[in-house]
Amino acid sequence: MLKIEDLTLHYGGSQILHGISMEAAAGEVTCVMGTNGVGKTSLLKAIAGSHPRTGGAVELDGEALGRLPAHVLAQKGVGYVPQGRMIFPLLTVQENLETAYACLPAAEHMVPDEIFELFPILREFLGRRGGDLSGGQQQQLAIARAMLTKPKLLLLDEPTEGIQPNIIQQIGRVIEYLRDQGNMAIVLVEQYFEFAYGLADRFVVMKRGEVSMAGRRSELAKETLKQAVSV
Ligand SMILES: Nc1ncnc2c1ncn2[C@@H]1O[C@H](COP(=O)(O)OP(=O)(O)OP(=O)(O)O)[C@@H](O)[C@H]1O
Ligand SMILES: [Mg+2]
């Protein structure tokens with residue numbers, strides 16, 4: 001579903017990503033790991049178009065993507081759950097969800113029941129302001145908002161960061177549910193090792209803006225992987 005070749009990215013004059021190549025298949029969770037500041041968020045920003053890449057090729061579902069703006073990529077099927085959630089604090093839960101409609105034809109402007117079955121708290125809090133939700137509730141809202149855009153590729157940036165264990169478990173179940181539907185590729189950036197290890201089909205380990213190790217779960221020993229992501 002996603003194929004990246006030799007992707008580079010700069011902020012002004014400083015180069016952050018130095019030729020990243022990776023793939024993510026539909027029906028799989030591809031987990032991007034690495035310590036703070038290695039460039040995980042920058043990689044997702046480049047894929048989602050919220051910061052332009054400098055070079056390299058990105059292919060989505062067989063289509064070569066130019067350096068397109070984020071709203072166009074969202075319409076093409078890139079769903080993005082950013083680090084820190086980026087909920088609109090003054091909009092209600094309902095209104096936050098409706099921002100996803102910008103990616104959909106008018107006939108599809110509705111929130112399917114599936115969303116509330118996965119995240120019952122959102123139905124309860126539809127009229128509440130996004131900024132008044134807890135961190136875990138905001139994370140659920142951010143995932144729901146991305147799901148509403150009907151993505152082919154779902155990018156999740158550290159969804160467990162600062163979240164209590166029962167909500168982490170719930171988020172894990174939602175990721176499994178989406179993976180098992182089989183038509184969506186999921187790229188999960190995660191530093192919580194056991195959570196990532198429990199979900200991932202493939203791993204991409206980053207170090208200083210490069211891929212230091214990659215492979216399928218069955219090809220990598222857990223201890224080797226753990227070692228690689230902690231340095
Ligand atoms: N807007 C920006 N302008 C300049 N430098 C930036 C910008 N955003 C990130 N950086 C730098 O790019 C590098 C990679 O940052 P990035 O946020 O991609 O890392 P990360 O792996 O997601 O880290 P974390 O695990 O802490 O979220 C860091 O050195 C960071 O300081
Ligand atoms: Mg980050």
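Sorted by class, the residues that form the shell around ligand 1 comprise eight polar, three nonpolar and two charged ones. The model described here is a predicted one. In total, 13 residues surround ligand 1, and the closest of them are Gly37, Lys40, Thr41, Ser42 and Gln83. Helix H1 makes the greatest contribution to this shell, supplying three residues.

At Val38, a polar backbone atom lies 3.3 Å from an oxygen atom of the ligand. At Gly39, a polar backbone atom is 3.0 Å from an oxygen atom of ligand 1. Thr41 takes part through its side chain, in which an N or O atom is 2.8 Å from an oxygen atom of ligand 1. Considered alone, ligand 1 exposes 640 Å², of which the protein buries 60%.

Attention may now turn to the metal. The magnesium ion, ligand 2, has Thr41 and Gln83 as its protein donors, through the atoms OG1 and OE1 respectively, at 2.0 to 2.2 Å. These two residues are 42 residues apart and link distant parts of the chain: Thr41 belongs to helix H1 (residues 40–48), whereas Gln83 is located in the loop between strand E6 (78–81) and helix H3 (93–98).

Terms used: Residues are numbered from 1 along each chain as its sequence is written. Chains are lettered from A and ligands numbered from 1 in the order in which they are written. This is a predicted model: local features need pLDDT of at least 70, side-chain atom pairs count only at pLDDT 80 or more; totals for chains, interfaces and linings use all residues. Side-chain values use heavy atoms; hydrogens and water are left out. Donors are N, O and S atoms within 2.8 Å of the metal (3.2 Å for Na, K and Ca); water is not among the atoms, so sites may look incomplete. Helices (H or I, at least four residues) and strands (E, at least two) are DSSP runs, numbered from the N terminus. A residue is near a molecule or strand if one of its heavy atoms lies within 4 Å of it. A polar contact is a pair of N or O atoms within 3.5 Å; within protein, one must be able to donate a hydrogen and the other to accept it, and residues adjacent in sequence count only if both atoms are side-chain atoms. Accessible areas come from the Shrake-Rupley method with a 1.4 Å probe; for residues, only the protein chains shown count as cover. Ala, Val, Leu, Ile, Met, Phe, Trp, Tyr, Cys and Pro count as nonpolar, Asp, Glu, Lys and Arg as charged, and the others, Gly among them, as polar.
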